Structure formats: structure tokens, C-alpha cells
Amino acid sequence: MKRLGLIWQFIKKHKYAIILIAFGVNIVFTDDNNLILRAKNRYEISTLKSEIARYNSEYENTTRLLKELTENSDETIEKIAREKYLMKKENEDIYIFK
């Protein structure tokens, strides 16, 4: 009983500090919108934004290439065949530098 009385006195004396600590623990760990979940979501958002930027640049490059192919197809097809697929004319030699 004596211990219970000491604990009760401690709680009465430090009730605001105990409430603040409990509130902090609730916000950091147990709440539905806790800080750990927010940090994970922020990281995921930044990852998705970089992915969106990568896909946008890829889309722009593909759109530009499609436009080139539709406008002057013979020259562009020859350029793509030489650069991407390493094709050549009959009297040419190809040197690849890496």
C-alpha cells in the first residue's frame, strides 16, 4: 500500500509531464498519422516524383523521335539504323568506341 501511495503522489506531482510524454508517444508511434508513417510517405512521394520526371523525359524523347520519323522518314530511319542497330552501307566500316 505504501508503494501505491508513493506512485499516486508521483503522478499527482508530475501529472502534466506524464500527460505530455503520453501525448508525444501517441503522436510519434501509435497515431494513425504518426511521424514514422509521415516520413515513409514523404520518401515515397519523392521517389514517385523522380519517377514521374524520368517518365516525362522519356515521353518527350519518344515524341520527338516519332515526330522526326513522320516528317523526314528516310533520313531518320537511316540515322536510327546506323546509331542504334549498328547497320552500315556496303562500302563502310564501323568502329565502336566504348
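R42 is found in helix α3, in a predicted model where local features need pLDDT of at least 70, side-chain atom pairs count only at pLDDT 80 or more, and totals for chains, interfaces and linings use all residues. Residues are numbered from 1 along each chain as its sequence is written, and side-chain values use heavy atoms, with hydrogens and water left out. The protein has 4 helices and 0 strands; helices (H or I, at least four residues) and strands (E, at least two) are DSSP runs, numbered from the N terminus.

**Overall form**

- Along the sequence, the elements follow the pattern α-α-α-α.
- The radius of gyration of the protein is 33 Å, well over the 13 Å that the globule rule gives for 98 residues, so the protein is more spread out than a compact globule. This radius is taken over C-alpha atoms, and the rule is 2.2 Å times the number of residues to the power 0.38.
- The C-alpha trace spans about 105 × 30 × 15 Å along its principal axes.

**Surface and charge**

- Of the 98 residues in the protein, 3% are buried. Buried means under 20% relative accessible area, exposed over 50%, and partly exposed in between (1.4 Å probe, protein chains only).
- The accessible surface amounts to about 9800 Å², and 61% of this area belongs to carbon and sulfur atoms.
- There are 18 positive and 15 negative side chains, and the centres of the two sets lie 24 Å apart. Lys and Arg count as positive and Asp and Glu as negative, while His and the chain ends are not counted.

**Largest pocket**

- The largest pocket holds about 160 Å³ of space. A pocket is an open set of points on a 1 Å grid where a 1.4 Å probe fits, with protein on both sides within 12 Å along at least five of seven lines; lining residues have an atom within 4 Å of a point.
- Its lining consists of N61, T62, R64, L65, E68, T76, K79, I80, E83 and K84.
- Helices α3 (35-71) and α4 (73-83) are the elements that give two or more residues to this lining. The largest share, 5 residues, comes from α3.

- R42 is exposed, with a relative accessible area of 62%. Its C-alpha atom is separated by 42 Å from that of W8, 34 residues apart along the chain.
- E71 also has its place in helix α3, and E71 is exposed, with a relative accessible area of 58%.
- E71 and Y59 are 12 residues apart in sequence, and their C-alpha atoms are 18 Å apart in space.

Methods. Accessible areas come from the Shrake-Rupley method with a 1.4 Å probe; for residues, only the protein chains shown count as cover. The place of a charge is taken as NZ of Lys, CZ of Arg, CG of Asp or CD of Glu. Grid points are joined across faces, edges and corners, and a volume is the space filled by probe spheres set on the points.
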